[in-house]
Amino acid sequence: MDRFQSMTAFLAVVDTGGFASAARRLKVSPSVVTRAVSDLEERLGVRLLTRTTRFVRVTEAGTAYADSCRRILAELEEADEHAASAHAAPRGRLTLTAPVNFGRMHVLPVVHDYLGRFPEVDVNCWFVDRVVSLVDEGVDVAVRIGDLPDSSLQAIRVGSVRQVLCASPAYLASHGLPQRPQELAQHTTITASGLTSTPEWRFLEGDKALAVRL
């Protein structure tokens, strides 16, 4: 039996006035309570209770120790409740980032719902079309669209996005329709800068991945 359990057993004896009644309260055998109190007295080197066949009396040292045990066990219970409530009800600041359009369309409604459920949280949203370093810029959560490089960060797939390659009818009439992805290198393309370190579009030809540098 650890020290906190021994303290609990000792207080039960003090409060109920006997070992048998303390055992009934704690739902253990009287021998367990007796051993717990004996271990405490041996560890402390002082007698906490005076026992006879007719009564149990708390010594002066036992009275002082009982007061200390009540305070310690109460603080322990308060610490447990505080930790449990902190886990059950999030609070503090949460910083997240996502691409501009995706963030406004899909992330922001989730943030609104989250704040309604957990009003003690402050959410700081960075909707930018660039890759934000979570570690360097102090970001907690990032929504990424595309393949992730090897990283020590944890990633969870939450959905899929289908990308479509488009061109205006006037452009195709003037420059022709590319038949294979490799032909895009000879065409005029529009792409967002700053999203990746190497500007390239990725395709699938059958089951084979193909990257076209722009």
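**Calling the labels in a predicted model**

Q: Why is Thr-95 called buried?
A: In this predicted model, Thr-95 comes out at 7% relative accessibility. The cut-off for buried is under 20%, so Thr-95 counts as buried.

Q: Where does Thr-95 lie, and what is Thr-95 in contact with beyond its neighbours within four places in sequence?
A: Thr-95 belongs to strand S3. Leaving out those neighbours, its contacts are Asn-124, Trp-126, Gly-138, Val-139, Asp-140 and Val-141.

Q: How do you know that S3 and S5 count as paired?
A: Pairing takes at least two bridges between the strands. Strand S3 (residues 92-98) is joined to S5 by two bridges, so the pair qualifies. The two strands run parallel, and Leu-96 stands opposite Val-141 in S5.

Q: What is the strand order in the open sheet of three strands?
A: The order reads S4-S3-S5, and the pairing is parallel.

Q: What makes S4 and S5 the strands at the edges?
A: Strand S4 (121-127) and strand S5 (141-142) each have a single partner strand, so one side of each has no neighbour in the sheet.

Q: Which residues of H1 and H3 meet, and how do they divide by type?
A: On the H1 side you've got Arg-3, Ser-6, Met-7, Ala-9, Phe-10 and Val-13, and they meet Val-33, Ala-36, Val-37, Leu-40 and Arg-43 in H3. The contact of H1 with H3 divides into eight nonpolar, one polar and two charged residues.

Q: Is Lys-27 buried or exposed, and how do you know?
A: Lys-27 has 77% relative accessibility. Exposed means over 50%, so Lys-27 counts as exposed. Look for Lys-27 in the loop between helix H2 (19-26) and H3.

Q: What is the phi of Lys-27?
A: Lys-27 has a positive phi of about 60 degrees, although it isn't a glycine.

Definitions and conventions
Residues are numbered from 1 along each chain as its sequence is written. This is a predicted model: local features need pLDDT of at least 70, side-chain atom pairs count only at pLDDT 80 or more; totals for chains, interfaces and linings use all residues. Side-chain values use heavy atoms; hydrogens and water are left out. Buried means under 20% relative accessible area, exposed over 50%, partly exposed in between (1.4 Å probe, protein chains only). Contact means heavy atoms within 4.5 Å. Ala, Val, Leu, Ile, Met, Phe, Trp, Tyr, Cys and Pro count as nonpolar, Asp, Glu, Lys and Arg as charged, and the others, Gly among them, as polar.
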